[in-house]
Amino acid sequence: MWLFTPFGFYSIVRKTPGDDLTIRGRTLGDLQRLRARFLPSATVPVSQAGTDYLWRMRCSEQALAAAMPAIVASIDYANFKDEVAKVTGHARAKRYGKVWDALYGMPEDKPEPAPSPAITNGWEDLPWSPTPPKGKKLAFGGVVMDAAGRVLLREVANHFDGYVWSFAKGRPDPGETPQQAAVREVLEEMGVAATIVSALPGAYDGNTTRTHYFLMRADAEAVDPGFACAETVRVRWATVAKARELLGMTQHATGRERDWAVLAAGVEAWGGGVIHSSKTGS
């Protein structure tokens with residue numbers, strides 16, 4: 001495995017079944033800091049010229065397992081790259097930043113199998129009540145964002161009920177979990193197969209429904225701007241500021257405020273550092 005910490009970067013492997021672990025590093029200092037602070041039983045680092053990792057040392061599986069709680073307990077910082085700059089310097093922090101950039105917006109390449117409906121109904125880890133208020137039905141939707149922190153919106157067909165631009169949402173089909181319903185609604189109304197990131201807190205009430213939203217991600221290239229269906233005229237990516245402007249075109253005052261609140265919840269969940277990064281497009 002690769003292990004990135006403020007005090008060093010490590011590649012940890014087991015060369016031969018049954019052997020001790022080999023901890024490899026690009027610099028001697030990285031191994032020395034790990035050994036001095038958390039892993040005193042490791043062997044003295046030695047160099048091995050001509051390899052990807054010039055320095056390496058060995059330790060037992062048990063020793064590394066015992067060291068990991070102490071490494072975790074040492075996490076007392078709010079920003080990882082800032083801590084890297086403080087401990088090992090700004091040059092190291094910039095290198096880590098390049099790794100972050102390379103992995104930024106990485107698509108889901110091998111999703112975990114969905115739980116069997118016999119085991120879960122999808123509500124176990126959700127922050128919402130499965131029982132709606134009297135007289136209302138549950139509905140689910142998605143706030144879809146891309147790697148640049150842009151928001152995907154849909155223009156509502158015929159500007160129904162005063163809505164101009166909005167999010168995808170709808171009631172679940174029989175037997176659907178909240179997650180399945182939200183993903184299906186996004187696919188049907190926006191034409192993109194999005195991946196759920198997290199459930200957004202809060203409930204958004206309409207006249208007959210209580211809607212809950214999931215934060216979702218999708219690759220920008222996967223979205224067809226010409227997509228249209230019975231409920232959607234077109235879709236478009238927008239910066240957060242532009243999305244708020246577009247949502248503000250809705251003539252239904254309560255619906256407009258509700259969509260603004262949904263947008264704010266999605267942006268907060270995605271993270272301000274992403275939204276305001278230099279990657280944010282227009």
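Buried, as used here, means under 20% relative accessible area, while exposed means over 50% and partly exposed is in between, with a 1.4 Å probe and protein chains only. Helices (H or I, at least four residues) and strands (E, at least two) are DSSP runs, numbered from the N terminus. This is a predicted model, in which local features need pLDDT of at least 70 and side-chain atom pairs count only at pLDDT 80 or more, while totals for chains, interfaces and linings use all residues. Residues are numbered from 1 along each chain as its sequence is written, and side-chain values use heavy atoms, with hydrogens and water left out.

Let us start with strand E1.

E1 belongs to an open sheet of five strands, in the order E1-E2-E3-E5-E4, with antiparallel pairing. Its edge strands are E1 (2–5) and E4 (46–47), each of which pairs on one side only. Two strands count as paired if DSSP finds at least two bridges between them.

E1 and E2 form a hairpin with two residues between them, and four bridges pair E1 with E2 (residues 8–13) in the antiparallel sense. Here Leu3 stands opposite Tyr10 in E2, and Phe4 has Phe9 as its bridge partner in E2. The next step, from E2 to E3, is antiparallel over three bridges, and Val13 has Thr22 of E3 as its bridge partner.

Strand E3 (residues 21–25) is mostly covered, with five of its five residues buried. Both of its faces are covered: Leu21, Ile23 and Gly25 are buried on one side, and Thr22 and Arg24 on the other. Five bridges join E3 to the antiparallel strand E5 (residues 55–59), where Leu21 stands opposite Cys59. To finish the walk, E4 and E5 pair in the antiparallel sense over two bridges, with Arg56 in E5 as the bridge partner of Val46.

Next come the nonpolar cores. A nonpolar core is a set of buried Ala, Val, Leu, Ile, Met, Phe, Trp, Tyr and Cys residues joined through side-chain atoms within 4.5 Å. In the largest one, with 23 residues, Val143, Val151, Leu153, Phe167, Tyr213 and Leu263 touch the most other members. Strand E6 (137–145), E7, E12, helix H6 (240–247) and H7 each supply at least two residues of this core, and H7 gives the most, with six residues. Apart from this core lies another, of 21 residues, among them Val192, Ala194, Met216 and Trp237.

Helix H7 also holds Gly266. With a relative accessible area of 0%, Gly266 is buried. Leaving aside neighbours within four places in sequence, Gly266 is in contact (heavy atoms within 4.5 Å) with Val143, Met145, Leu200 and Leu215. Gly266 and Ala194 are 72 residues apart in sequence and 14 Å apart in space, C-alpha to C-alpha.

Finally, we turn to empty space. Rolling a probe the size of a water molecule over the atoms shows where such space is left. On a 1 Å grid over the protein atoms alone, a pocket is an open set of points where a 1.4 Å probe fits, with protein on both sides within 12 Å along at least five of seven lines; lining residues have an atom within 4 Å of a point.

The second largest pocket has a volume of about 710 Å³, where volume is the space filled by probe spheres set on the points, and grid points are joined across faces, edges and corners. Its lining has 26 residues, of which Phe160, Asp161, Tyr163, Lys169 and Thr209 lie nearest the centre. Strand E7 (151–156), strand E9 (168–170), helix H5 (178–190), strand E11 (204–205), strand E12 (209–217) and helix H7 (253–270) each supply at least two lining residues. The lining divides into seven nonpolar, nine polar and ten charged residues, where Ala, Val, Leu, Ile, Met, Phe, Trp, Tyr, Cys and Pro count as nonpolar, Asp, Glu, Lys and Arg as charged, and the others, Gly among them, as polar.

Thr209 is found in strand E12, and counts as buried because its relative accessibility is 18%. Leaving aside neighbours within four places in sequence, Thr209 is in contact with Lys136, Lys137, Ala139, Arg171 and Tyr204.
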